[in-house]
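Please consult the sequence and the structure below while reading.

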Amino acid sequence: MTTLLRETLTNSSIYMPTPARIVEVEQFTAVEKWFHLELPSGFTIAHKPGQFVEVSILGIGEAPISICSSPARSNGSFELCVRRVGKLTDALHRLDVGSMIAVRGPFGHGFPIDRFHGKDIIFIAGGLGLAPLRSLITEVLDERGKYGRVALLYGARTPNDFLFPADLAAWADREDVECHVTVDRPSEGWEGPVGVITTLLPKVKFPARNTVVAIVGPPVMYRFVLDELLAAGIAEGNIWLSFERQMKCGVGKCGHCQMHHIYTCQQGPVLSYAEVKNLEEALS
Amino acid sequence: MKILPKHSLKAWVERLRATHRVVAPRETYGQYIFEEIENADDLVLDYHSSVLPPKKYLLPPREDLFAFNAKTMEMSPLIEEIQPTVIMALHTCDLHAITLLDKIQGTGHTDQHYQARRRKTTLVSIECLKPCMDHAFCKSMGTLAVPEGFDVHLTDLGDRYAVEIGSEQGEQLIEGLSLFWEPVEADYDRANQVMAGKWPNFDYRLDCDVTDLPDLLAASQDSALWDEVGDTCLACGQCTKVCPTCYCFDVLDEIDLKLEHGKRVRVWDSCLIEKFAVVAGGHNFRSSQARRLRHRFLRKGKYQYESYGLLGCVGCGRCALSCPAHITPIGLLNTLAQRRRPATEEASSRS
């Protein structure tokens, strides 16, 4: 019998994680690594694109990390892309294949993929934001026939900061996906666009009425991208954003991730612009 | 209703102590704290507010979540089996606070640690007949009466207590005890008299109706008052520690020197502390003290109401008493109400 990872939350304590083994690691950039993790036999993660897990290294602590593999390609295993930015992620980066960590989740609401069916989709990723979006992008591409036109806009700091290079190359090769990338600072040999991510928006011409947009990126990016999308006539309820917050518990109890009345870990991390437009703390 | 003669109170408490841990307000250096009593003589029913609310028995300041061996990855939950506990002499505000905590901890993912404590805890409350301290504003917040939430509720009738039973758990505390008498008509008359006499002893202290609080706070999000008061707030987090409805926590790992055996624990945290909303990489989503203070007040008076249908403030006044910067909820909310009023009147006279 298969046990869903989230079923373990109700067995004893909602704060007890389940062990997971690192089975593959790839260094994407100087500070970002990709981890392929395997759950114990009989466990499956059954997540939705955009959901996250609380990752533990016993003795160090716990941190929320978005799942970057698509639900269809995950099962007893799943993938995370982690930036080395704090105590937990620093320790995680030092672990090799075969090491054990522990996870709880998946938590929160992912992207409402049913509401994307039949629509044109623009994915907008800034930096590490490509990681949570990748779970959605691969899900959409796996069932490509259910959607209209698909575009990916991706901005990184420099050409050396691109994540998932193999995926990016594969997506760029596809005729049914428009791929546009930009960098803040070019390095030698870079011939692509230079500039902030909003400079890529004019490159995609989609009918506003039938377009949904999924955005994940650093806080500073959201306001600028939203201004452009709203000006282009995209409906507020068709713009989906994922919110990063400090999430100590993942289950709506510890209070850290609260923005106004919303516990981001439970009612988020993915919310529509219509839901957050009056929540000052969401977008500043 | 039952009757407990006052001279039988100690005998009842001693009977309870045979089967329960009895926690009650005790006087210590002129302050009152909830603590286990070892002698019925230690019991104080007529007390002014306790320093810490009784939430510490349901959500301890520090609590083990699970034990682990980091080498073998063995993990086991540490859900404390507490002995049956009676919390005595809860004020009505604290009872309302526990009702809110029950709702929050039982909504969505149930917190088993809280539930394990709560299941074994019986609440004996006492009718507040006069204000317990200057800062209390329970009448304004609607927490001066307790229609439900108690297991046993006592009302001081002079030489006796009127005893109401609110649950089966409460029933068990008095079951078969000859200490409790059946009331006579005079007891009902006396109880009604006492209840009628209590209300004038309390003042309404909020300048708006409690039901207007969510609207008042919504309309005051951009008030300059948050900056003004934020400038005086010391970000000590004291108000959240003494608050009977605050439950936010931080999670920490503690491990031995061999980096092998450890525990994951949670400790009380405070949304007024600067790092509370900081994410990895250093961005602070609530970067100023004014915004942190505003968050606390909107959480109490608006967000909790929207999420759980109950206000997050029960008017106990402990935060006001404990604040080294003399920030009081009544002072702050009333200023917001006063500043809103002229603007509204002006607007309506224009239209």
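**Interface, helix and cavities**

The contact draws 48 residues from chain B and 41 residues from chain A. The model is a predicted one, and the description of the interface begins with its area. The size of an interface is often given as the accessible area lost when the parts come together. For chain B and chain A, this buried area is about 3,800 Å², with 54% of it on carbon and sulfur atoms. Three residues stand out on the side of chain B: Met73(B), His109(B) and Phe285(B) provide 19% of the area that chain B buries against chain A, more than any other three residues.

Attention now turns to a helix of chain B. Helix α1 of chain B spans residues 9-19, and its buried residues are Leu9(B), Trp12(B), Val13(B) and Leu16(B). Buried here means under 20% relative accessible area. When α1(B) is viewed down its axis, these buried residues fall within an arc of 95°, and therefore they line one face of the helix. The general principle is that an α-helix has 3.6 residues a turn, so residues three or four places apart point the same way.

The greatest contribution is that of α10(B), with 4 residues. By class, the lining of the largest cavity has 14 nonpolar, 5 polar and 2 charged residues.

The second largest cavity has a volume of about 150 Å³. It is lined by 18 residues, and the closest to its centre are Cys239(B), Leu272(B), Leu293(B), Cys323(B) and Ile327(B). At least two residues of this lining come from each of α9 (238-242), α10 and α11 (318-322) of chain B. Here α10(B) gives the most, with 3 residues. The lining of the second largest cavity divides into 14 nonpolar, 3 polar and 1 charged.

Which element gives the most to the lining of the largest cavity? That element is α10(B), and α10(B) also gives the most to the lining of the second largest cavity.

Note on methods:
Residues numbered from 1 in each chain as written. Chains lettered and ligands numbered in written order. Predicted model: local features only at pLDDT ≥ 70, side-chain atom pairs only at ≥ 80, totals over all residues. Heavy atoms only, no water. Nonpolar A, V, L, I, M, F, W, Y, C, P; charged D, E, K, R; others polar. 1 Å grid on protein atoms, 1.4 Å probe; cavity = no way out; pocket = protein on both sides within 12 Å on 5 of 7 lines; lining within 4 Å. Points joined across faces, edges and corners; volume = space filled by probe spheres on them. Buried < 20%, exposed > 50% of the residue type's maximum accessible area, 1.4 Å probe, protein only. Arc of directions from axis to C-beta. Contact = heavy atoms within 4.5 Å. Buried area = accessible area lost by both parts, 1.4 Å probe.
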